[in-house]
Amino acid sequence: TFIVAFAIGSNDETMSPAVGAGVFSVGVAVTIGAILNASGAILFGEEVSKKVGGGLVKSGTPLTDLMISCVLLSMAIWLILVSFSEGLPISTTQCVVGAVLGVVIVEWGFNEVNQNTVLEIFAGWIISPIVGFLGAALIFLLIQKVRSLSVIQGYAKYERQEEIAAYGLALFLIWTAFSRGGNDVANAVAPLITMGDIDPLIPLAVGGIGMGLGLILIGRKVVKTLAHEVVSLKPSSALSASGSVSIIMFVGTALGLPLSGSHILVAALIAVGWAGKTNVEFEAVKKILISWIITVPISAALAALLLVSGNFVLSLF
């Protein structure tokens, strides 16, 4: 669980708008993000963990120790590989769902998959980035409208407005990182939460600390990718994207819904680029979208392969 949480932290891009807007350096951003990830995981992560951990199995039967190990190992392999090699922000929620589906289908058959829960999660993956896009565009246009109505003129006053936006951005990112910690920790600790004979606080704490360290030690590359390679950001445009993400992630986590913060943030960044008529680097977006499409099947295949291999090894004894 700690290794998987470390891998999740290494792929956390939450603080990238602040880096792209020049509000935080990469070092400051990952340090603040690490503290907030751990706090959100411990204080806010239990409900989402229960949803991912038990809701995907129709009968509610807990995963075996071997199945849990295969889920966690497949996630760690894929997350660390993508984060370290390409620096792409993939969905950790997709990783865990794909991996759990892979082991459940191999061990118990497709009929044991709770299709209603799967559809609910998939719907969240589709709807949340759409809402994130619309929310970010709306916030950005509102900010621009307020500026156009202002009698304040001159470059110095413009810079002052951007400085105020930077403070607002910092506050929204604190909120977002806390919510992301509570939502993303489920992707590492959910299988353990279903075991029933362990205090949930223990895996939540292990997951939170692991995510924080992963962000500090490896996550810089992913933060830089979204900070600079999708769209150019100012504090006001970064505030628009982060405001939309923070609201959606907080509500989703409070309701126990496993959302993809990566999906929502990328959609929000594209929205502010579109609304602000700023050039969006669609080549970078294309790479990110491809990584999202292949994550569920790759995670499922990896976990299934590990389970088949594990069962074969155990049969020899």
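1. In this note, a residue is buried at under 20% relative accessible area, exposed at over 50% and partly exposed in between, using a 1.4 Å probe and protein chains only. By that scale Phe250 is partly exposed, with a relative accessible area of 31%, and Phe44 is partly exposed as well, at 21%.

2. The model is predicted: local features need pLDDT of at least 70, side-chain atom pairs count only at pLDDT 80 or more, and totals for chains, interfaces and linings use all residues. Residues are numbered from 1 along each chain as its sequence is written, and side-chain values use heavy atoms, with hydrogens and water left out.

3. Aromatic contacts. Rings of Phe, Tyr and Trp (its six-membered ring) are paired if their centres lie within 6.5 Å; planes under 30 degrees apart are stacked, over 60 edge-to-face, and the rest tilted. The whole structure holds 6 aromatic pairs. One of them, Phe44 with Phe250, is stacked, at 5.6 Å centre to centre and 25 degrees between the planes. This pair links distant parts of the chain, 206 residues apart: Phe44 belongs to helix α3 (residues 26-44) and Phe250 to helix α12 (residues 235-254). Both residues also belong to one aromatic cluster with Phe172, Trp175 and Phe178.

4. Helix α12. Helices (H or I, at least four residues) and strands (E, at least two) are DSSP runs, numbered from the N terminus. The expected span of a helix is 1.5 Å times one less than its number of residues. With 20 residues, α12 reaches 28 Å from its first C-alpha to its last, close to the expected 28 Å. Of these 20 residues, 16 are buried, so α12 is largely enclosed by the rest of the structure. Just after α12, Gly256 takes a positive phi of about 80 degrees.

5. Helix α10. This helix (residues 201-217) has 17 residues and reaches 24 Å between its first and last C-alpha, close to the 24 Å expected. Its buried residues include Gly207, Gly208, Gly210, Gly212 and Gly214, together with Met211.

6. The largest pocket. A pocket is an open set of points on a 1 Å grid over the protein atoms alone, with protein on both sides within 12 Å along at least five of seven lines; lining residues have an atom within 4 Å of a point. The largest pocket is lined by 14 residues, of which Gly124, Ser128, Gly252, Leu257 and Leu259 lie nearest its centre. The elements giving two or more residues to this lining are α7 (115-149) and α12, and α7 gives the most, with 7 residues.

Notes:
1 Å grid on protein atoms, 1.4 Å probe; cavity = no way out; pocket = protein on both sides within 12 Å on 5 of 7 lines; lining within 4 Å.
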